[in-house]
Each structure stands twice: as structure tokens, then as C-alpha cells.
Amino acid sequence: MAQLPNSLEARDTAFQLHSYADARRQEETGALVIDKGDGIYVEDINGKRYIEGMAGLWSVAVGFGEKRLVEAAVRQMEKLPYYHTFTYKTHGPSIELAEKLVEMAPVPMSKAYFTNSGSEANDTAIKLIWYRSNALGQPERKKIISRMRGYHGVTIASASLTGLPNNHRSFDLPLPQILHTTSPHYRTMKKDGESEADFAKRCAQDLEDLILSEGPETIAAFFAEPVMGAGGVVVPPDGYWEAVQPVLKKYDILFVADEVICGFGRTGNMFGTQTYNLQPDMMTLSKALSSSYQPISALLINDKVYQPIADESHKIGVLGHGYTGSGHPVAAAVALENLKIIEERDLVGHVKAIAPTFQKRLAGLAENPLVIETRGIGLIGAAELTHEALAATPGALGAKTNAMFHEKGLISRNMLDAMAFCPPLIITEAQVNEMFDIAEAGLKAVQDSM
């Protein structure tokens, strides 16, 4: 990418360190500068238009340029631009949003706690789980289990939960109290001759074996996404959750459902918890909570979690945790308006109606010989790529394909060699077809270049 002196691209390279990027490559190539957004589309500073096939970072549910969210932010900014929720103080938007989320929850919840990102919500969940164990007189009950390929964030604790090697390498992670069990990806994890049903049962058995080997009295909680997102859009096999949840109940292990990507309609229900009939004790929410127009996330906890924490805070005299922006009034006001839009426009119903077309077109990508598997549910999916010439370098084919998609006007994301699709929930059937037409053309162009 050519960088003119003092251009935005050159200044970005000079002054900004980017997430999920090779810093040296960044110095050479620069970054794509996005300037505008409208509906499912974004536009770069050169006027090139793209379908935003990832809804930003899995998150812009109502699309770009939604004026109601802008107006909600302005109204709140004029009235009360900032206040906090420390030391027995609060404000209207955080109260209303807490009430709304507890009432919306698909299983009984007691309280909402606000943070600024999914990472912070999961980090806070870990702290409160440890706090609760001490409150219950179980100081040894501190180990937490998540899954290989799971993604739960990038703070020190949430990155430890994340089961992806590049989130651990050179960071001295994971923390020793964090354990990982089998990824529920049938194609890569199955044994020879193992049926999908038997694989689901083995995943549950692997979990139980890990619990027993560590000592059930030391295991506090299990974290999992209903559908894995950044680990490659891994959809659990039939029977997986029916096998796993009884194991958790058997050993009285808390279940934290990470709904950061799945929440607010993505899987065809308001929550992935409903799609898979989950019974979590805690839920973490972010991304589509405000369509990422403002940074906000939430941790919901049930009464089983809340009561010991309340007792311990009374014993100590304080719950010594909080963020300056927890329940920020502008972010909370935008989130409330965003949830109104999702409900008023029945975006969950829209996802159910459009998902068959989305999943059919996704499956159709498998006609290209570079694609070895497609997987998805609702309006989320991935196409896994392979090519023997590039197999020795995981992610090389994905990066090449991602660049080709960009060239043709589609923003996707390659998670190594899995190409992800997670467009705004407002996408129409015609736009779904437009998106996958570009994907098919991009794959063909990559194939032809081999």
C-alpha cells in the first residue's frame, strides 16, 4: 500500500500500534483507513466501498450510520456526559439498562455489572468467581476450565481463558489456574470411526476426566461460548451441550456463558443460550449490546453467585473492584436505544428468515476445491480452506484469500485459514447473495492464481 508523506496511512504507521497485526509488516504495508459507514457497507478514504462481512468485529448488529443511536448519544451527552457507579452512586441509564438486561435474560439472573469490553466482562467474572469461593470458605476452589480454540478476550485473565496459542505466546500465559479441555470441532478432533454423537459424549468425558484429575473441589467454573467465534466459528455437534451441562451440575461447577458474539440475535434467538438450551450461572455480553457504537459490556450473575459475593463485601466493607467507565451513561443510553431497535424491528425474526439463504450460500462455497468445510448457524459462519502448496504455513492461504476479498469489495476475516462471515443483522437477502457472490469470485481468483 503506497503511503504519501503525511497521509493518514503514513501517520498511522508512524504513531499507532495495531491489534492482531504484525508490527513490522505494518511498517511496510500500512493499514486500510475506513472513513464512512452506511448499513452493511463501509468506505475507505479513497472512496472504495466494501460489504462489511464481519459487522466490524462481529458486532454492528443494526448496521452503520443508525441515526437513532447517534441521537441517543447526543441527548445523553447534553444531559449527563459522564458519571460513575462507585460508592453508592448511580444514574438513570445504567439503572434502566441493568433492569432491561436482567429481564431479558433467558435464565433467571439477579444482577448486572457493567464493564467496557468482553475481555473486561470475562476478567471480572473470574475475579468474582474467586471472591465467591473465598466467601464460601472454599479457598482451594479457584481453577477455571475453558476450551481449546475458545475466545474470551485479551486481558491477562481472559486471555488465559482463550484457547488460542498466539494469545499466549510471549505473554507468559496462560495463568496456572486456567485449564483447557477439548475443542468441540468434530472434523479436526474426532477419532477414526467416531460418530458425531460419540464425539460429543467424549468431549463431556474429557471434561469430567480433567475435573477428576485436578480434584472437583478445586474447580470453580467452566467458561464457554455457545458457538465459538474467533476460534474459527466452531458450531458444537449435536448432543454436545446435553452431555456437558450435567457434568458441571454433578460437581457443582459454575457455568459462564460467553455471549459476547452470540448475544442479541446472531444465532437466530436473542441469545445463544436459548439456541442450545443452556443454563448458565453467569453471562457475559458486549458487541451487539450497543452495536459497538459505544464501548460497553455487561456481566449478568444469578442469585447463587450474587448472595455469597454480597455477604463477603459486607464482611470486608467493600467490593474492591470497578472501572471508571462502568455503566457509562452515554454508552448505556446508546445500548438501551440499540436494544429497542433490535426489538422494534424484530431483527431476531429477520435473522431466522434470512439464515436459510445465508447458510445455503455459505455451504455453496464448498464447491470450490480450496474449501474443505463450511460451518455456521444463524448469521454466522466460516469456510475452512486448504491447499497443499501452502499447508506448511498455517494462515497463508487465509491471508491470500482475505486480500483478494478486499480487492473485490468484501471485508471478511481469516482466522488462520478459516474465512469468517458475520454481517450486520440488518442484511437483506439480496445483500447476502451479493456478499457470497463476491466470496465465490474471490475464491475462484485465488484458485486460478495457484
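How much space lies in the second largest pocket? About 1,000 Å³. The model is predicted, so local features need pLDDT of at least 70 and side-chain atom pairs pLDDT 80 or more, while totals for chains, interfaces and linings use all residues. Residues are numbered from 1 along each chain as its sequence is written, and side-chain values use heavy atoms, without hydrogens or water.

**Stop 1: the pocket**

Select Thr-85, Tyr-88, Tyr-113, Leu-319 and His-321, which lie nearest the centre of the second largest pocket among its 28 lining residues. Helix H5 (92–104), strand S4 (111–115) and helix H12 (303–316) each give two or more residues to this lining, and H12 gives the most, with five. Helices (H or I, at least four residues) and strands (E, at least two) are DSSP runs numbered from the N terminus. A pocket is an open set of points on a 1 Å grid over the protein atoms alone, with protein on both sides within 12 Å along at least five of seven lines; a cavity is a set where a 1.4 Å probe fits but cannot get out, and lining residues have an atom within 4 Å of a point. Volume is the space filled by probe spheres set on the points, which are joined across faces, edges and corners.

**Stop 2: Thr-124**

Next select Thr-124, in helix H6 (residues 118–135). Thr-124 is buried, at 0% relative accessible area; buried means under 20%, with a 1.4 Å probe and protein chains only. Show Tyr-323 as well: a polar contact of 3.1 Å joins the two side chains, the term being a pair of N or O atoms within 3.5 Å, one able to donate a hydrogen and the other to accept it, with sequence-adjacent residues counted only if both are side-chain atoms. Beyond four places in sequence, the contacts (heavy atoms within 4.5 Å) of Thr-124 include Tyr-113 and His-321.

**Stop 3: the core**

Now select Leu-97, Leu-101, Phe-264, Leu-289, Phe-421 and Phe-436, which touch the most other members of the largest nonpolar core, of 62 residues. Helix H13 (residues 329–344) supplies the largest share of this core, nine residues. Such a core is a set of buried Ala, Val, Leu, Ile, Met, Phe, Trp, Tyr and Cys residues joined through side-chain atoms within 4.5 Å.

Technical notes. Buried means under 20% relative accessible area, exposed over 50%, partly exposed in between (1.4 Å probe, protein chains only).
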